[in-house]
Amino acid sequence: MIPGSDVRLGYQEDFHRLESALPGAGVPWLHERRAEALERFMEQGFPTLKHEDWKYTDVRPIAARRRSPAAGDVRLDARAIVPFAWAGHQLVFVDGRYAPALSRPGGLPRGVRLLSLAAVLAEEPLMLEPWLGREAVPARHGFEALNTAFMRDGAVVWIGRGVALAAPIYLLFLASGAPESAVYWRNLIVAETGSRATVIETYASFDGAAHLTNAITDVSLESGALLEHYRLGREGDTAYHIGGTRARLARDSRYASHAVTLGARLARHELDAVLDAEGAECLLNGFYATHGQQHVDNHTRIEHRAPHGTSREWYKGVLDDRSRAVFSGRIMVHPQAQRTDAEQANHHLLLSREAEADSRPQLEIYANDVKCAHGATAGHIDETALFYLRTRGLDESHARGLLVYAFAADVLARMRVAPLRQAVEQQLAGRLLAGESVKELLK
Amino acid sequence: MLSITNLKVNVEGKPILTGIDFEVKPGEVHAIMGPNGSGKSTLAQVLAGREQFEVVDGRVRYFDQDLLALKPEERARRGIFLAFQYPVEIPGVSNIYLLKSALNAARRARGESELDAMDFLAIVKDKMKLMEMPEEFLYRAVNEGFSGGEKKRNEILQLVLLAPRLAILDETDSGLDIDALKVVANGVNSLRSPERSFVLVTHYQRLLDYITPDRVHVLAGGRIVKSGGQELALDLEQRGYGWIENQEGARA
């Protein structure tokens, strides 16, 4: 038997057992896609270190055993979500399902729809066919295939033509179910022509269980649309997270992604931005802080397919203890994408000798009139700066904490949604400056 | 207050200070002058506790303590302050946060209560007036985007706020225009008292036009080669450092 094939058979068994109860079960094209995805998974299994794109991330702790979809029988109290609740339109999802009792979508302006994927699949599945049907991005690896096979719920965010939505949309995804279960999320964000909106995804887990969250978000920006998209990983240190964001940018649209990972034992986020038409612009802002045995992998791809596109990619990571971070930044400039302006930077601050960072910029440029710059560094705390703060009477640990905080300052400052930025700052400062008052630092 | 005996310091394995002796009494102002590379800045930083600089010999007494056994933060809390030649930029950390943390650390060490936000603000605003710094500097990140002169002013603002017992100024005058120099000197002079001492490290004499030293020491090749009163600084101004180094060479 092929190694891991019994685990695969387990997934197949789960699929046959559960498919008829998944949303959209009666929709023929969706059934086809699901069955096809499962087949793909049965052939490919999970990625291994032999796959170029997974060279530094060992998913064996996830792949070693069958992870059945969470049963969804846990009832969460509204108080449980208070730490994640901010003012805005909020949808809460627990263990693979929309939780209407915990959600507060609030009044939405005309032209904005905020729905659960399961509800759309039940009532108007055709709306989703362009993203989930034949045209869907094919699964690149086993996790994506499983996501399509088992997806149960997620958010559908639709910002209508010309609508400027003032308050952010908060999507909260929680894992609280049985240990070693899996939760599949599939989200869709569509920003129609000339619209503007802010969408915030937060992933969190409650107990110390080794849940796997497998989440994919498709993002579509039509011409002139503007989307601020935050993705915040705040899972417990035993959780696993494999996520993907796939954004497609039409003419003159602007997409800003802020991807923050502060939790999980192993977290990977694949971010694809395709600049499909002239004048599109993307900002990929990223931050991760790891400690203990954490492993964080950011795998990004920016594709310039049309002239006059701009991309800015700035990722920073702080690594402590024996933790490890991987950053892959691929920028592809197609022959027709003249006058592309691309910049990429990835900086690591290493707080311990055992921490390890791998940074892999990959520039593939097939056009001749482009500006393309990239840089990567890995360094330690600046001794002069540390000395400076200590000569002001600050304890060494306090001084170190402040300098780590200072390292992250520019990435954090780019996050324009104040309550969210403050939540990240608070979590970071709380970890860095244990015992010190951080209230005034965060003003 | 401060007594340095035969201090020898290596930096990255190279001897930089090769035997320093001098003594600072309460209320005195000492100027350390000397050409570039003479070890002035190393001396200033060693006194503040720079750990990368290796003390290979000698003793430094500060009141009744062995100064060299103390960490930089312990020295700070016992009243030693170093104004940096190149103040460090710390993005994301506001000036007011650092000022308050520093002042409260010193107060705790003296057994005083920490200041609340209101009291602190009143004190710091008063000192900012003295340093002719607009209030917005409180809320900007520490030294980030400050001009050279603003950074130096910010150092002296910290100095007047913390009111240390021993202030060491490392080339605070370099890069300052005459107006900024006067403001800086004014800040320093406002602190002069019979209990408080100063060590001014400087390449030029002009700071001493505004802050009158009790003693001037000339550092060359890692040791003090000449000491005198204020007139020594004027001599150096007129004749440069060459004649002292030549004199030394002749003696050696």
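Q: What does it take for two strands to pair?
A: Two strands pair if DSSP finds at least two bridges between them. This model is predicted. In chain B, strand E1 (residues 2–11) pairs with E2(B) in the antiparallel sense, over eight bridges.

Q: Which residue of E2(B) stands opposite B:Ile4?
A: B:Phe22 in E2(B) stands opposite B:Ile4.

Q: In what order do the strands of the open sheet in chain B follow one another?
A: The open sheet has four strands in the order E2-E1-E4-E5 (chain B), and their pairing is antiparallel. Strand E2 (14–24) and strand E5 (65–66) of chain B each have a single partner strand and stand at the edges, so one side of each has no neighbour in the sheet.

Q: Which strands of chain B does helix H1 lie across?
A: Helix H1 (residues 40–48) of chain B lies across E1, E2 and strand E4 (53–62) of chain B. Its direction is at about 65° to E4(B).

Q: How is a crossing angle between two helices read?
A: Angles over 145 degrees count as roughly antiparallel. In chain A, the axes of helix H2 (residues 28–44) and helix H6 (residues 142–150) come within 8 Å and cross at roughly 150°. H2(A) and H6(A) are therefore roughly antiparallel to each other. Their crossing is left-handed.

Q: Which residues make the contact of H2(A) and H6(A)?
A: From H2(A) come A:Arg33, A:Arg34, A:Ala37, A:Leu38, A:Arg40, A:Phe41 and A:Gln44. H6(A) contributes A:Gly142, A:Ala145, A:Leu146, A:Thr148 and A:Ala149.

Q: How do the residues of the contact of H2(A) with H6(A) divide into nonpolar, polar and charged?
A: Six residues of this contact are nonpolar, three are polar and three are charged.

Conventions
Residues numbered from 1 in each chain as written. Chains lettered and ligands numbered in written order. Predicted model: local features only at pLDDT ≥ 70, side-chain atom pairs only at ≥ 80, totals over all residues. Contact = placed C-beta atoms within 7 Å. Axes fitted to C-alpha atoms, helices over the stretch in contact; angles between N-to-C directions. Parallel < 35°, antiparallel > 145°, perpendicular 65-115°, else oblique. Left-handed = near helix turned anticlockwise from the far one by under 90°. Nonpolar A, V, L, I, M, F, W, Y, C, P; charged D, E, K, R; others polar.
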